[in-house]
Amino acid sequence: MPVTLTLNGESRVIDADPQTPLLWILRDTLGLTGTKFGCGIAQCGACTVHLDGVPTRSCQTYLGDLEGASITTIEGLETPAAAAIRAAWTELDVPQCGYCQSGQIMAATALLSETPKPTDADIDAAMDGNVCRCATYARIRSAIHLAAEKLEG
């Protein structure tokens with residue numbers, strides 16, 4: 001049964017098995033490879049997208065549950081918070097291997113959209129579950145603070 005949703009601001013009709021994880025729809029069906037496969041059990045955050053504005057693990061979100069939903073991937077993330085996060089990521093040279101970074105950026109952008117001036121505790125809570133095997137957590141935290149400063153002007 002086809003599912004109609006909004007993906008990165010565009011209406012899309014996707015006809016696939018309703019039990020297909022969103023991650024595979026994005027990567028294999030639509031060719032949006034910015035969202036990464038990490039653990040496949042929603043524990044690492046590499047596959048994070050925004051589902052109706054909320055950071056969501058796409059590896060455990062199924063197409064059949066997405067009728068009418070709005071999905072934003074790293075490819076479609078175009079907000080002032082996202083621009084500030086990307087600038088801070090570059091300025092502080094946050095990524096090491098980079099594999100987890102799209103999920104990290106999706107989570108960080110959602111945090112700044114909800115909490116424009118987060119504390120360390122806010123950052124730790126929002127980023128909990130986004131695993132970085134290179135352990136760039138200190139740089140990620142610094143970049144989120146820098147992005148918050150950039151948004152303040």
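Predicted model: local features only at pLDDT ≥ 70, side-chain atom pairs only at ≥ 80, totals over all residues.
Trainee: How do the residues lining the largest pocket divide into nonpolar, polar and charged?

Mentor: The lining consists of Phe 37, Gly 38, Cys 44, Ala 46, Cys 97, Tyr 99, Cys 100, Val 131, Cys 132, Arg 133 and Cys 134. Because Gly counts as polar and Arg as charged, whereas Phe, Cys, Ala, Tyr and Val count as nonpolar, the division comes to 9 nonpolar, 1 polar and 1 charged.

Trainee: Which domains each give at least three residues to that lining?

Mentor: The domain assignment of the protein chain gives domain 1 (3–72) and domain 2 (80–152), and 14 residues of domain 1 are in contact with 11 residues of domain 2. The pocket, with about 180 Å³ of space, draws at least three lining residues from each of domain 1 and domain 2.

Trainee: At roughly what angle do the axes of helix α4 and helix α5 cross?

Mentor: Helix α4 covers residues 120–127 and helix α5 covers residues 137–152, and their axes come within 10 Å. Asp 120, Ile 123, Asp 124 and Met 127 of α4 make the contact with Ile 140, Arg 141, Ile 144 and His 145 of α5, a set that divides into 4 nonpolar, 1 polar and 3 charged. The crossing is right-handed, and its angle is roughly 120°.

Key. Residues numbered from 1 in each chain as written. Heavy atoms only, no water. 1 Å grid on protein atoms, 1.4 Å probe; cavity = no way out; pocket = protein on both sides within 12 Å on 5 of 7 lines; lining within 4 Å. Points joined across faces, edges and corners; volume = space filled by probe spheres on them. Domains from an automatic or database assignment. Axes fitted to C-alpha atoms, helices over the stretch in contact; angles between N-to-C directions. Helix = DSSP H or I, 4+ residues; strand = E, 2+ residues; numbered from the N terminus. Left-handed = near helix turned anticlockwise from the far one by under 90°. Contact = heavy atoms within 4.5 Å.
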